[in-house]
Amino acid sequence: MSRAAIPGLPSRYPIGGHLPALYADDDFAQRFTAGLDTVLAPVFATLDNLPAYLDPRVTPADFLTWLGSWVGVADDPAWPVERRREAVGRAVELHRWRGTRRGLVEALRLALGVHAEVAGDGAAVWSTTPGADLPPPPAEVLVRVWPEDGGRVDPDRVQEVVTVMCPVHTVCRLEVLPGPPTDDEGR
């Protein structure tokens, strides 16, 4: 990320015009301050446009990673820019839905561009009797994914997202399908 001098970028606040009248006709003073204007023009342009830098919908693409770090998004430069923008823009919402079906489905769609279906609730089990044997483990959650556009799905990447987005106590089983599930697949 570099915000350096941009050739030909005019300064909105030229210093030479703000000098006392004594220096208005001084060629050296005007050339010297014009050099400073060249150095300061990108700073003023950045500050004048600061709200745009903080809006993931319009921020420069090279700024997205840094902006994403503010909201806890692990930015992947391999993603298309529009998907990266959506991930940063929706980060707070996705953090709110973390550990839920909706959050998992949305995270998989955003991170990998796949459709997903979650079956089962993962449940939690406990015993009210002190010193009793541990109850049986809760039922597993089945996560089915299939490509959005008939492409390929990387099961390892899907597993990474599922591991991050599911509660720790939840046992998840993953199925990668070539296309949308049919009724005979338990939908």
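Visitor: How many bridges join strand β2 to β3, and do they run parallel or antiparallel?
Guide: This is a predicted model. In it, 5 bridges join β2, residues 141-147, to β3, and the two strands run parallel.

Visitor: Which residue in β3 is the bridge partner of Val145?
Guide: Val176.

Visitor: What holds paired strands together in general?
Guide: Strands of a sheet pair through backbone hydrogen bonds.

Visitor: What is the strand order in the sheet?
Guide: β1-β2-β3. The sheet is open, with 3 strands and mixed pairing.

Visitor: Which are the edge strands?
Guide: β1, residues 114-119, and β3, residues 172-176. Each pairs on one side only.

Visitor: What does the twist average from one strand to the next?
Guide: 20°.

Visitor: Now helices. Where does α7 lie?
Guide: Helix α7, residues 101-112, lies across β1 and β2. It runs at about 160° to β1.

Visitor: And which strands does α8 touch?
Guide: β2 and β3. Helix α8 spans residues 155-165 and packs on the sheet. Its direction makes about 150° with that of β3.

Visitor: Changing topic. How many disulfides?
Guide: The count is 0. The cysteine sulfur nearest to that of Cys166 belongs to Cys172, 3.4 Å away.

Visitor: Why is that pair not a disulfide?
Guide: Because a disulfide needs the sulfur atoms within 2.5 Å, and these are 3.4 Å apart. Cys172 is in no disulfide either; its nearest cysteine sulfur is that of Cys166.

Visitor: Is Cys166 buried or exposed?
Guide: Buried, because its relative accessibility is 16%, and the cut-off is under 20%.

Visitor: What about the relative accessible area of Cys172?
Guide: It is 26%, so Cys172 counts as partly exposed.

Notes:
Residues are numbered from 1 along each chain as its sequence is written. This is a predicted model: local features need pLDDT of at least 70, side-chain atom pairs count only at pLDDT 80 or more; totals for chains, interfaces and linings use all residues. Side-chain values use heavy atoms; hydrogens and water are left out. Buried means under 20% relative accessible area, exposed over 50%, partly exposed in between (1.4 Å probe, protein chains only). Two strands pair if DSSP finds at least two bridges between them. Helices (H or I, at least four residues) and strands (E, at least two) are DSSP runs, numbered from the N terminus. Axes are lines fitted to C-alpha atoms, for helices over the stretch in contact, and angles run from 0 to 180 degrees between N-to-C directions. Contact means heavy atoms within 4.5 Å.
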